[in-house]
Amino acid sequence: MTAESRTAGRAAHHAGFWIIAVAFLFAMAFSTVPTPLYPIYEQRDGFPGYVVTIVFAAYAVGVMVALYLAGHVSDWLGRRRIVLAAVGVEALAAVMFLFWNDLSGLLVARFVSGVGIGMLTATATAYLAELRAVSHPDEDGATAGTVATVINTGGLALGPLLGGLIAQFLPAPVFTPFAIFLGLLAVTIVFALFVPETVDVRASRRPYAPQKVSIPDDARATFGAAAIGAAAAFSVFGFFTALTASIVIGLLHIQSHLVAGVVVFAVMGASAVSQFVFARVERTQKLRLGVGLMVVGLGLVAIVGLAPSLALFLVAGVIAGAGVGLVFTSSIGVAAASARPDNRGEVLAAMFLAAYAGLTIPVIAVGVALAFFPIPGVLVGFALAVLAIVIATAVPMLRRR
C-alpha cells in the first residue's frame, strides 16, 4: 500500500468516524424527543396519565429485545450494515409517529424506536473505536470511547430539550419534531453509505445465535447486587423520562413543554457530567459518592411530592442524575471485574439487560400506582422504594474492591 493510499484511507476513516458519530447522536436524541410531548398525547387522545408509563416501557422492552437478538450481530454482518439498519428503524419509527395517530401507533412507534437503539448502541460504539484506530493509529482509544459516551448520554439528554423547544415555539408539536428528525435521519443514512467497513464480513461469517448472557459463578452475590444497583439507577432515568412532563403540568401546574424538556435534559446531563468529572476516582469511592448523591436527590424528590416546587424538583433531578451516573458506572465496573476475558461480553450483556429491566418494571409499577393514588403519594413512594434498594445493594458492592 502506497503512502498516498494510506493517507486517503485514513482520511476516509476520519470522515467516517464523524459521520457515524452524528448518526449516533441524531438517533439517540430522537429516541427521547417524545418525552415532553406526552401530556399533549394524553389531552389529544384522552387516555389517563398512567398509560404514559406503558408507552415508555414499550421503548425499554424494544431495547432489551434488540440487545438480546441483534446487539452483537455486527461482529460478523458488518458495522455499517447494522448502523444503516438501526438508523433506518429509527426513521421508520418517525414515520409511525407522523402518520399512525392513535395510542396503538404511539406504543408501536416507541417499541420500534427501542429496537433501533438496541441495535445501534453497541454497534456504533465499536464502529467509532475501529474507525478511529485506523484514522489515528497512535491514539490509545480514549478519544473514541469519550465521544461514544458523550453521544450516548448527551444524545438522550438533548432529545427532550429539542422536543420541548419545538413543542413550545413551533406549530404542530406532535408532528414537527418527528418531521425534522425524519429528515435528519434520512440525511445521515445517505452519508453513512460511504463510511468504510471495519469488519471483514467474509472472514467473520458464522451461524446466527442470540447474544449469550451469563453470570459469573464465583461472584454471583456481588454481581447480583451490582445488577440491582444498575436497575435502580436506570429506574430513576425511567421515572424522570416518563413522568417529568406529567409532574410539571399536573403537580407543579406549569403549562410548559420546554420546562419539562429542560428538567429531563438536566437530569441526564448531570449523569454524563458526573461520569467525566469523577472518571479517575477509585470505584469504591465513586460508588459511595454515587449512592450519597442518589440518596440526597431521591430524598428531595420525596419532599417535592409533599411540597411541590419546580426549583426543588430540578435540583433533586440534577443531584439524583449525577448519582445515577456514578452508581451505573460502578456497577459496570463490578461486572467487568467479576468476568473472565472469554465471557466479559456475556456478563456485560446480563448487566445491561438488568439495567433496562430497571428502566421498565418500576416505571410500569408507578403507572399502576397512578391509577389508584395521586401523583404526590406516588412520587414519595417511588423515591423511598428506590432509596431503600440503592442503600441495601450498595453494601455488597462496597465490599468488593
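Predicted model: local features only at pLDDT ≥ 70, side-chain atom pairs only at ≥ 80, totals over all residues.

Biologist: What makes H9 roughly antiparallel to H10?

Modeller: The angle. Over 145 degrees counts as roughly antiparallel. The axes cross at roughly 155 degrees, so H9 is roughly antiparallel to H10. The crossing is right-handed.

Biologist: Which residues of H9 and H10 meet?

Modeller: Among them are Phe237, Phe240 and Val248 in H9, and Val263, Val267 and Met268 in H10. The contact divides into 11 nonpolar, 4 polar and no charged residues.

Biologist: How many aromatic pairs does the structure hold?

Modeller: There are 13. In one of them, Phe30 and Phe181 sit 6.1 Å centre to centre, with 45 degrees between the planes.

Biologist: Why is the pair of Phe30 and Phe181 called tilted?

Modeller: Stacked needs under 30 degrees and edge-to-face over 60; the rest is tilted. These planes are 45 degrees apart, so the pair is tilted.

Biologist: What does the pair tie together?

Modeller: Phe30 lies in H1 (residues 3–32) and Phe181 in H8 (residues 176–192), so the pair ties together parts 151 residues apart in sequence.

Biologist: How do you know whether Phe30 and Phe181 are buried or exposed?

Modeller: Buried means under 20% relative accessible area. Phe30 has 1%, so Phe30 is buried. Phe181 has 3%, so Phe181 is buried too.

Biologist: What makes the pair of Phe234 and Phe328 tilted?

Modeller: Their planes are at 40 degrees, so this pair is tilted; the ring centres are 4.7 Å apart. Phe234 is in H9 and Phe328 in H12 (residues 310–338), 94 residues apart. Phe234 and Phe328 are both buried.

Notes. Residues numbered from 1 in each chain as written. Heavy atoms only, no water. Axes fitted to C-alpha atoms, helices over the stretch in contact; angles between N-to-C directions. Helix = DSSP H or I, 4+ residues; strand = E, 2+ residues; numbered from the N terminus. Parallel < 35°, antiparallel > 145°, perpendicular 65-115°, else oblique. Left-handed = near helix turned anticlockwise from the far one by under 90°. Contact = heavy atoms within 4.5 Å. Nonpolar A, V, L, I, M, F, W, Y, C, P; charged D, E, K, R; others polar. Phe/Tyr/Trp six-rings, centres within 6.5 Å; stacked < 30°, edge-to-face > 60°. Buried < 20%, exposed > 50% of the residue type's maximum accessible area, 1.4 Å probe, protein only.
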